[in-house]
Amino acid sequence: MQREYEMAHPAAKKLKVAIVDLDVHQGNGTAKIFQGDESVYTLSMHGEKNFPFRKEMSDHDVDLPDGCTDVPYLEALEHALDELERCFYDDSSPLLMLYLAGADPHEGDRLGRLKISYDGLLTRDLRVMDWAWQRRIPLAFAMGGGYGHDLATTLQVQQGTYRTALAYWRKWQAISSTVETTLAA
Ligand SMILES: [Zn+2]
């Protein structure tokens, strides 16, 4: 994406990328690959006792204790988004956000070790997508983990993510002609 952006906008500043990894397992590969790359910010919120047991160093790691519930989880997310804003976001540089919407922090997950409710995860998705939308930052998301005792709970979480994304995609569609004009200029 950075290369493509550079080809399309040779005179523009380099495209910065923020990776927000909210799968319950640390984004260790991402952290390692982009260590030392100042154009990519890696945020990972994960279970401190969960796999991988030897963690890599992201730009911002949030280690969550076993049994973590909605309120501290969403507070940690707010804090992490504030940090992202403070340390990386700069409204004069183009930014792309990649969001890994792990379903495994859910309370019904076999491997997650956290206790986040369906509503909590819905709020999480909404916060991340709204943060990007408020700043008009394009966002791409991928599904991550989900090992529900009951598969239906994992699907419910993932469906929630898709519904939220669809709502924001519609908002983008409504302004897309303005965005194209701005990019062309
Ligand atoms: Zn996972």
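Tutor: What follows covers the metal site, then the ring contacts, then the strands.

Tutor: This is a predicted model, where local features need pLDDT of at least 70, side-chain atom pairs count only at pLDDT 80 or more, and totals for chains, interfaces and linings use all residues. Residues are numbered from 1 along each chain as its sequence is written, and side-chain values use heavy atoms, with hydrogens and water left out.

Student: Which protein donors does the zinc ion have?

Tutor: They are D23 (OD), D23 (OD), H25 (ND1) and D104 (OD), at 1.9 to 2.8 Å from the zinc ion. Donors are N, O and S atoms within 2.8 Å of the metal (3.2 Å for Na, K and Ca); water is not among the atoms, so sites may look incomplete.

Student: What arrangement do the 4 donor atoms make?

Tutor: Irregular, because the angles they subtend at the zinc ion run from 52 to 155°. Four donors count as tetrahedral if all angles lie between 85 and 135 degrees; four count as square planar and six as octahedral if opposite donors are over 155 degrees apart and all others between 65 and 115; anything else is irregular.

Student: How are the donor residues spaced in sequence?

Tutor: The spacing is D-x1-H-x78-D. H25 sits in the loop between β1 (16-21) and α2 (28-33), and D104 in the loop between β4 (95-102) and α4 (118-134), so the pair links distant parts of the chain, 79 residues apart. Helices (H or I, at least four residues) and strands (E, at least two) are DSSP runs, numbered from the N terminus.

Student: Is H25 buried or exposed?

Tutor: Buried, at 14% relative accessible area; D104 is also buried, at 0%. Buried means under 20% relative accessible area, exposed over 50%, partly exposed in between (1.4 Å probe, protein chains only).

Student: New topic. How many aromatic pairs are there?

Tutor: The whole structure has 5. One of them is F141 with Y162, edge-to-face because the ring centres are 5.3 Å apart and the planes at 75°. Rings of Phe, Tyr and Trp (its six-membered ring) pair if their centres lie within 6.5 Å; planes under 30 degrees apart count as stacked, over 60 as edge-to-face and the rest as tilted.

Student: Where do F141 and Y162 lie?

Tutor: F141 is in strand β5 (residues 139-144) and Y162 in helix α5 (residues 151-184). F141 is partly exposed at 27%, and Y162 is partly exposed at 49%.

Student: What is the bridge partner of Y99 in β5?

Tutor: F141. β4 and β5 run parallel, joined by 6 bridges; strands pair if DSSP finds at least two bridges between them.
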